[in-house]
Amino acid sequence: MQERGRKRRPILGVGILGALLASAGVLLHLIVPPPNTWLMTSRLLAGEGRDYRWRSLDDISPRLVEAVIAAEDSTFCAHRGFDMKAIERALKSNARAEKRGRGRIRGGSTISQQTAKNVFLWPGRDWIRKGFETGYTVLIETVWGKRRIMEVYLNVAEWAPGVYGAEAASQHWYGKSAGDLSAREAARLAAILPSPRRYKAASPGPYVRRRASRIQVAMGTVRNDGLASCVLR
């Protein structure tokens with residue numbers, strides 16, 4: 001028994017050290033903007049440029065907050081990091097797609113989970129990364145709160161090849177500041193989030209126009225039902 005206990009101590013020590021390092025990173029970025037992300041670094045190493053301009057949430061249009069909540073996570077203000085109904089729907093959808101042998105893999109990630117992944121973790125879908133994502137999601141929900149999560153999310157999300165964050169995206173697609181985005185422009189930016197390297201927010205094709213129109217309608221529900229009240233003052 002003593003021998004077994006001695007073997008477990010290094011594993012326990014590594015686990016504690018990992019938890020402390022994770023907590024330190026979360027605490028640091030409560031105040032300091034992330035200087036980089038794994039995705040940005042990998043793109044830079046591949047020879048792609050980087051346009052990344054941090055802006056306070058107060059300097060980003062409220063319409064963009066409403067648009068990403070409408071498009072990505074309508075229960076953002078109600079959940080504690082995980083939307084179990086969305087996860088269940090995604091699992092069922094993916095099981096049906098796998099059975100048919102075709103279809104797009106659907107995710108059930110909340111904005112909190114996407115933020116945890118974008119800031120702290122490498123791209124991918126493996127179970128190890130998913131476990132870390134869960135832990136980081138709990139940490140940022142506890143330490144950062146909803147406004148900071150949204151602020152970080154809007155600043156690190158990719159909106160075009162080499163274009164990260166709302167300010168860079170707004171300048172890239174519309175030649176204006178993120179604080180001046182209209183509801184239509186915000187909806188189009190939210191519409192391309194799932195595939196920002198494939199679609200265009202300016203002069204979009206039929207798919208993005210249709211999706212953006214649905215998002216813009218849903219933004220009214222977000223606004224009227226207070227679904228962004230945890231973010232917008």
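This is a predicted model: local features need pLDDT of at least 70, side-chain atom pairs count only at pLDDT 80 or more; totals for chains, interfaces and linings use all residues.

Trainee: Where do cysteine 77 and cysteine 230 lie?
Mentor: Cysteine 77 is in the loop between α3 (62-72) and α4 (84-100), and cysteine 230 is in the segment after α10 (206-224). The pair therefore ties together parts that are 153 residues apart in sequence.

Trainee: Is that disulfide left-handed or right-handed?
Mentor: The torsion about the S-S bond of cysteine 77 and cysteine 230 is about -80 degrees, so the disulfide is left-handed.

Trainee: Let us change topic. How many salt bridges are there?
Mentor: The count comes to 16 salt bridges. Side chains of opposite charge can pair when their charged atoms come close.

Trainee: Which salt bridges does glutamate 66 form?
Mentor: One of them is with arginine 63, at 2.9 Å from N to O. Another is with arginine 223, where the closest N and O atoms are 2.6 Å apart.

Trainee: How many residues apart in sequence are the parts that glutamate 66 and arginine 223 tie together?
Mentor: Glutamate 66 lies in helix α3 and arginine 223 in helix α10, so this pair ties together parts that are 157 residues apart in sequence. By contrast, arginine 63 and glutamate 66 both lie in helix α3, three residues apart, which is about one turn of the helix.

Trainee: Is glutamate 66 buried or exposed?
Mentor: Glutamate 66 counts as buried, because its relative accessibility is 2%. Arginine 63 counts as partly exposed at 26%, and arginine 223 is partly exposed with a relative accessible area of 43%.

Trainee: Which residues are linked in a network of salt bridges?
Mentor: Arg43, Glu48, Glu158 and Arg197 are linked in such a network.

Trainee: Now the helices. What angle do α8 and α9 make?
Mentor: The axes of helix α8 (residues 166-174) and helix α9 (residues 183-192) cross at roughly 105 degrees and come within 11 Å. The two helices are therefore roughly perpendicular to each other.

Trainee: Which residues meet there?
Mentor: From α8, Ala169, Trp173 and Tyr174 meet Glu185, Arg188, Leu189 and Ile192 of α9. By class, this contact has five nonpolar, no polar and two charged residues.

Trainee: With which residue does glutamate 185 form a salt bridge?
Mentor: Its partner is lysine 176, and the closest N and O atoms are 3.1 Å apart. Glutamate 185 is buried, with a relative accessible area of 15%, whereas lysine 176 counts as partly exposed at 25% relative accessibility.

Trainee: One last topic. What is the phi of serine 203?
Mentor: Serine 203 has a positive phi of about 50 degrees, although it is not a glycine. Serine 203 is placed in the loop between α9 and α10.

Trainee: Is serine 203 buried or exposed?
Mentor: Serine 203 counts as exposed, because its relative accessibility is 70%.

How values were computed. Residues are numbered from 1 along each chain as its sequence is written. Side-chain values use heavy atoms; hydrogens and water are left out. Axes are lines fitted to C-alpha atoms, for helices over the stretch in contact, and angles run from 0 to 180 degrees between N-to-C directions. Helices (H or I, at least four residues) and strands (E, at least two) are DSSP runs, numbered from the N terminus. Angles under 35 degrees count as roughly parallel, over 145 as roughly antiparallel, 65 to 115 as roughly perpendicular and the rest as oblique. Contact means heavy atoms within 4.5 Å. Ala, Val, Leu, Ile, Met, Phe, Trp, Tyr, Cys and Pro count as nonpolar, Asp, Glu, Lys and Arg as charged, and the others, Gly among them, as polar. A disulfide is a pair of cysteine sulfur atoms within 2.5 Å. A salt bridge is a side-chain nitrogen of Lys or Arg within 4 Å of a carboxyl oxygen of Asp or Glu. Buried means under 20% relative accessible area, exposed over 50%, partly exposed in between (1.4 Å probe, protein chains only).
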